[in-house]
Amino acid sequence: MGNGRKPPLCLGTAGHVDHGKTWLVRALTGKDTDRLPEERRRGISIDLGYAPLELPDGRRLSVVDVPGHERFVRTMVAGATGIDLFLLVVDAGEGVRPQTHEHLAILRLLGIERGVVAATKADAVDAETLELALAEARELVPGTEVVAVSAKTGLGLDELRAALRRAATEVSPRTQDAPARLYVDRAFTIAGAGTVVTGTLWSGSIAPGDELHVEPSGLRTRARGVQVHDLPITRAEAGQRVAVNLPGVSRTQLHRGDALVAPGVYPVSWRLDVVLEELEPIPAAVTVHAGTSDVPARGVRKGRYAQLRLREP
């Protein structure tokens, strides 16, 4: 940016269940992203969590903490689709596990190339085991910094922040002058305020008073208020985690996967032409992940290409 201010970016966690993603985010940010009672009771993340992270150069990252359990892969995809760089977490004692590979494959398919690997719980293993874990992580993600950390003792947290700063400088900022587009990942009601949606702003900006449409339903609304990490702001920018207060819209009219967009810019379609990159054979009936939505679809394949027909609501 011309004024020297660092552009906002979104950081997403990834990794196997119980490898310490949420504990690490809490140690880095001071915020517990497990907000649901069931998450705290079971000790695992179930839904997406969010927190701001200040880096040594003054840049603030919006952190999306995703669940690692295989049952919540769709939720992980919903969080990963809006991120700019990753924080892949690997337990130093357990090493790389099935969801480590699965989450990394999702990141690669989404084109998210920059990030850092954290070898967690480094205080709980001996030096030889830790070195083996670091070597395994470097082999898994070549060219990516790997940092040994402990959320319990604070070991390596400063080094991890510095590594994230270096990774962030390699990420191309999002286009600020494009029309606004935000995929909804949460919608809820606040007493006295009304309906609020949250999501990562993919492009453009949103300010109080802006006219907006909810697609694909076509609902018309406007931004009554805009917040970034619980603080009211005059304008939210692409790359930030944003909450928008929408007057005249009921919570029941909104769903995860809806797109909050500038009016008259983004057409709605139920057919997609895609290029296939197969991890395994692709059946005719598939689930399409677009933004934060997952939609059943059927495909007609022609070599590396396919046309997908999405199920209309």
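Me: Which residues are buried in H5?

Reply: This is a predicted model, in which local features need pLDDT of at least 70, side-chain atom pairs count only at pLDDT 80 or more, and totals for chains, interfaces and linings use all residues. Residues are numbered from 1 along each chain as its sequence is written, and side-chain values use heavy atoms, with hydrogens and water left out. Buried means under 20% relative accessible area, exposed over 50%, and partly exposed in between, with a 1.4 Å probe and protein chains only. In H5, the buried residues are Leu-130, Ala-133, Leu-134, Ala-137 and Leu-140. Seen down the axis of H5, these buried residues fall within an arc of 125 degrees, so they line one face of the helix; the arc is that of the directions from the helix axis to the C-beta atoms.

Me: Which residues are exposed on the other side of H5, and what covers the buried ones?

Reply: Ala-127, Glu-128, Leu-132 and Glu-139 are exposed on the other side of H5. Contact means heavy atoms within 4.5 Å. The cover over the buried residues of H5 includes strand E4 (85-91), helix H4 (98-109), strand E5 (115-120) and strand E6 (145-148).

Me: How is the span of H5 to be read against the expected one?

Reply: Helices (H or I, at least four residues) and strands (E, at least two) are DSSP runs, numbered from the N terminus. The expected span of a helix is 1.5 Å times one less than its number of residues. H5 (residues 127-140) has 14 residues and reaches 20 Å from its first C-alpha to its last, close to the 20 Å expected. At the start of H5, a side-chain oxygen of Asp-126 reaches to within 3.3 Å of the backbone nitrogen of Glu-128.

Me: Which residues of helix H1 are buried?

Reply: In H1 (residues 21-29), Lys-21, Thr-22, Leu-24, Val-25 and Leu-28 are buried. They cover an arc of only 160 degrees around the axis, which puts them on the same side of H1. Among the elements that cover them are strand E1 (9-15), strand E2 (49-54), strand E3 (60-65) and helix H6 (157-168). Just after H1, Gly-30 takes a positive phi of about 80 degrees.

Me: How is an aromatic pair described?

Reply: A pair of aromatic rings is described by the distance of the centres and the angle of the planes. Rings of Phe, Tyr and Trp (its six-membered ring) pair if their centres lie within 6.5 Å; planes under 30 degrees apart count as stacked, over 60 as edge-to-face and the rest as tilted. By this rule the count comes to 1 aromatic pair. Tyr-183 and Trp-202 form an edge-to-face pair, 4.7 Å centre to centre with 70 degrees between the planes. The pair links distant parts of the chain, with Tyr-183 in strand E7 (residues 181-183) and Trp-202 in strand E9 (residues 194-203), 19 residues apart. Tyr-183 counts as buried, at 15% relative accessibility.

Me: Is Thr-221 buried or exposed, and what does its side chain reach?

Reply: Thr-221, in strand E12 (residues 219-222), is buried, with a relative accessible area of 9%. Its side chain reaches the backbone oxygen of Pro-247 at 3.1 Å. Leaving aside neighbours within four places in sequence, the contacts of Thr-221 include Asp-210, Leu-246, Val-249 and Leu-260.

Me: What share of the whole protein is buried?

Reply: Of the 313 residues of the protein, 50% count as buried. The secondary structure comes to 6 helices and 21 strands.

Technical notes
A polar contact is a pair of N or O atoms within 3.5 Å; within protein, one must be able to donate a hydrogen and the other to accept it, and residues adjacent in sequence count only if both atoms are side-chain atoms.
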